[in-house]
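Please examine the sequence and the model shown below.

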Amino acid sequence: MTVRDFTQVFDAYSQCEESLIKAKIELVQKGNSTEEDTLELDLRLAWFDYLLERRPLLLNSVLLRQNPHNVHEWHRRIKLLEGKPKEIVSTYTEAVQKVDPKLACGKLHTLWVAFAKFYESHKQLDDARIIFEKAVQVPYTEVDDLATVWCEWAEMEIRHNNLERALKLMQRATAVPVNKGSYHDQSLPVQERLYKSLKVWLLYADLEEVLGTFKSIKAVYDRIIDLRIATPQVIINYGLFLEENKYFEEAFKAYEKGISLFKWPNVYDIWNTYLVKFLKR
């Protein structure tokens with residue numbers, strides 16, 4: 001059934017119901033009705049209201065039967081089921097099972113993240129972790145989608161003051177796989193390319209700066225530079241971190257490494273910071 005077919009059938013049915021209700025109302029108003037007629041009118045009015053309330057959900061069902069890989073329609077269905085937790089869990093479960101990552105219209109990872117956050121909002125952190133654990137194993141089409149899932153998981157732990165757990169998650173996310181490959185090699189699973197995602201490394205660096213030692217923080221920044229995924233701002237932040245800890249020579253080396261990574265005009269900010277710091281010394 002197409003959306004057009006559904007609309008025609010639904011409109012015809014609702015018009016039929018409306019005609020029957022009008023006839024019953026006229027009968028009651030004329031005073032020729034029985035108690036059964038009044039009861040039937042009440043039931044028909046209640047059914048008509050229910051029918052109109054159900055229309056968005058019924059239309060959504062038609063759209064999902066046409067394309068079960070439509071992420072936006074699954075999100076819309078969840079909103080329509082607001083206040084019905086059991087049905088929401090059932091719908092999320094069905095959605096993540098049916099949507100094929102390669103055929104998805106929209107970002108599949110947003111369904112997984114929303115599913116986990118639903119459990120989090122109901123203070124079921126263990127269930128949320130189970131969902132995230134499954135989510136990081138999904139063969140997404142983009143590395144950034146997987147990186148977002150890992151970061152959302154870590155941020156959930158941070159929200160609940162589980163900083164050590166969040167740090168361990170980032171260590172898992174940034175671990176170099178056995179079969180490592182190029183970040184842009186589409187022939188490889190995203191899990192084998194995640195270690196080159198700057199997004200997860202930056203969150204890892206933030207957590208290390210809160211929980212780690214000078215040595216562990218420095219190791220993270222050095223690894224980012226070695227992987228050649230640093231941005232000019234990362235280089236500048238690294239240099240400032242080293243300066244704050246009185247490692248001035250190391251800071252200059254960090255700026256020099258950054259200068260070798262970038263071309264003009266991207267290298268301008270690093271050169272500018274480097275020269276200002278050097279002249280002050």
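Helices (H or I, at least four residues) and strands (E, at least two) are DSSP runs, numbered from the N terminus. The model is a predicted one, in which local features need pLDDT of at least 70 and side-chain atom pairs count only at pLDDT 80 or more, while totals for chains, interfaces and linings use all residues. Residues are numbered from 1 along each chain as its sequence is written, and side-chain values use heavy atoms, with hydrogens and water left out.

Ile88 belongs to helix H4 (residues 85-98). Leaving aside residues up to four places away in sequence, Ile88 touches Ile78, Leu81, Glu82, Gly83 and Phe118, where contact means heavy atoms within 4.5 Å.

Rings of Phe, Tyr and Trp (its six-membered ring) pair if their centres lie within 6.5 Å; planes under 30 degrees apart count as stacked, over 60 as edge-to-face and the rest as tilted. By this rule there are 10 aromatic pairs. Phe115 and Tyr119 are stacked, because their ring centres are 5.4 Å apart and their planes lie at 25°. Phe115 is buried, at 4% relative accessible area, and Tyr119 is buried at 13%.

Finally, Leu125, Ala128, Arg129, Phe132, Glu133 and Ala135 in H6 meet Val149, Glu152, Trp153, Met156 and Glu157 in H7.

Conventions: Buried means under 20% relative accessible area, exposed over 50%, partly exposed in between (1.4 Å probe, protein chains only).
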